[in-house]
Amino acid sequence: MASLGENRYGKSRVRVMKVVRHETHHAMKEWNVRVLLHGDFETCFTAGDNSKILPTDTMKNTVYYLARESNAATLEEFAIELLAYLLENNPQVTKASVEVEEKNWKQLPVDGAMHPTTYTLGGPELQTTEVVRERSGALKITSGIDGLVLLKTTKSAFTGYIKDKLTTQPEVTDRIFGTRATAAWDYTQAPQDYAAARATATEALLKVFADHDSLSVQHTLYDIGAAMLAAVPEMACVKLTMPNLHCNLVDLSRFGQDNPNQIFVPIDEPHGYIEAIIER
């Protein structure tokens with residue numbers, strides 16, 4: 001005998017760019033959206049009955065429709081609107097989630113001023129959000145940053161670790177520290193301004209990374225999380241992932257040269273992987 005367990009379905013990688021054409025400038029955002037629905041879909045799986053199925057193509061069109069109608073200034077606000085629309089118009093849905101990624105487009109500076117209609121990609125990192133709600137429950141909002149590439153050339157050490165017969169890594173008191181950081185934080189309550197809260201959290205992350213006298217990636221990760229919680233009072237917890245993107249010192253002695261911590265080989269595979277949740 002077989003029975004259907006937990007299930008969901010939806011539409012992923014719905015890409016949408018929105019340009020709002022003000023008289024003095026254009027405002028542009030590029031989003032990548034995923035919608036997932038839970039609900040009364042058992043007969044679709046077990047009997048091929050599609051009478052309670054909202055086509056995923058309709059979900060895609062709903063994203064475009066709401067993007068046109070929406071006045072949302074942030075990806076969080078748009079995700080909340082999209083989730084509310086899906087629950088309101090689909091009584092068979094018991095729970096919905098909306099995930100949005102936003103590319104880091106910034107207005108291009110020209111002659112000392114921001115050009116009103118031209119943008120440049122600020123970096124590879126994405127702004128992210130996930131909004132989840134059961135029909136009878138409260139919103140759960142998670143915001144974040146994915147793929148923030150950082151590197152510092154000093155104030156990083158790694159010593160005092162376990163050494164056994166397979167250890168080849170030497171202790172180091174002054175090394176390059178590179179990472180591709182990902183952060184995702186939950187809110188205890190909605191901030192007054194999602195964009196301002198994100199900017200404050202990011203600023204705290206960057207400042208600690210730059211200034212921290214790091215004894216390990218774990219050491220820096222924890223202090224970053226603590227600083228983010230202190231900076232954004234509405235933040236309940238933050239999950240940080242910080243792979244250690246190594247830069248290995250090159251042995252130049254065979255060429256008759258010294259290497260006073262100047263010449264390195266950057267590698268990204270294999271890399272250390274450090275992850276933790278910092279809570280209040």
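Student: How many helices and strands make up the secondary structure of the protein chain?

Tutor: In this predicted model, the chain has five helices and 11 strands. Its C-alpha trace spans about 75 × 65 × 40 Å along the principal axes. Buried residues account for 37% of the 280 residues.

Student: Let's take single residues, then. Why is histidine 38 called buried?

Tutor: The relative accessible area of histidine 38 is 11%, and buried means under 20%, so histidine 38 is buried. This residue is found in strand S2, residues 26-39. Beyond its neighbours within four places in sequence, histidine 38 is in contact with Glu6, Asn7, Arg8, Gln92, Val93, Thr94 and Lys95.

Student: And what makes serine 253 exposed?

Tutor: Here the cut-off is over 50%, and serine 253 has a relative accessible area of 52%, so serine 253 counts as exposed. You will find serine 253 in the loop between strand S9 (247-249) and strand S10 (264-266).

Student: Why is there said to be a polar contact between the side chains of serine 253 and aspartate 251?

Tutor: A polar contact needs a pair of N or O atoms within 3.5 Å, and the contact joining these two side chains is 2.6 Å.

Student: Now for charges. How do you know that glutamate 102 forms a salt bridge with lysine 29?

Tutor: The closest N and O atoms of glutamate 102 and lysine 29 are 3.7 Å apart. A salt bridge calls for a side-chain nitrogen of Lys or Arg within 4 Å of a carboxyl oxygen of Asp or Glu, so glutamate 102 and lysine 29 qualify. Glutamate 102 lies in strand S3 (residues 93-110) and lysine 29 in strand S2, so the pair ties together parts that are 73 residues apart in sequence.

Student: Are these two partners buried or partly exposed, and what makes them so?

Tutor: Glutamate 102 is buried, because its relative accessible area of 8% falls under 20%. Lysine 29, at 27%, lies between the 20% and 50% cut-offs, so lysine 29 counts as partly exposed.

Student: What makes lysine 155 and aspartate 213 a salt bridge?

Tutor: Their closest N and O atoms are 3.9 Å apart, and the limit is 4 Å, so the pair qualifies. Lysine 155 is in the loop between strand S5 (140-152) and strand S6 (177-187), while aspartate 213 is in the loop between helix H4 (194-211) and helix H5 (217-231), 58 residues apart. At 33% relative accessible area, lysine 155 is partly exposed.

Student: Where do glutamate 275 and lysine 239 sit?

Tutor: Glutamate 275 is in strand S11 (residues 275-279) and lysine 239 in strand S7 (residues 235-241), 36 residues apart. They form a salt bridge, with their closest N and O atoms 3.9 Å apart. Both residues are partly exposed, glutamate 275 at 41% and lysine 239 at 37%.

Student: How many salt bridges does a search of the whole structure find?

Tutor: The search finds 12. Arg15, Glu30 and Lys103 are linked in a network of salt bridges.

Student: How do you know that the count of disulfides comes to zero?

Tutor: A disulfide needs a pair of cysteine sulfur atoms within 2.5 Å, and by this rule the count is zero. As for cysteines, cysteine 44 is partly exposed at 24% relative accessibility, whereas cysteine 237 is buried at 17%.

Student: What span is expected for H5, and how far does this helix reach?

Tutor: H5 has 15 residues, and its reach of 21 Å from first C-alpha to last is close to the expected 21 Å, at 1.5 Å a residue. Its buried residues include Val217, Leu221 and Met228. The buried residues of H5 pack against S6, H4, S7, strand S8 (244-245) and S11.

Note on methods: Residues numbered from 1 in each chain as written. Predicted model: local features only at pLDDT ≥ 70, side-chain atom pairs only at ≥ 80, totals over all residues. Heavy atoms only, no water. Helix = DSSP H or I, 4+ residues; strand = E, 2+ residues; numbered from the N terminus. Buried < 20%, exposed > 50% of the residue type's maximum accessible area, 1.4 Å probe, protein only. Contact = heavy atoms within 4.5 Å. Polar contact = N/O pair within 3.5 Å; in protein donor to acceptor, adjacent residues only side chain to side chain. Expected span 1.5 Å × (residues − 1).
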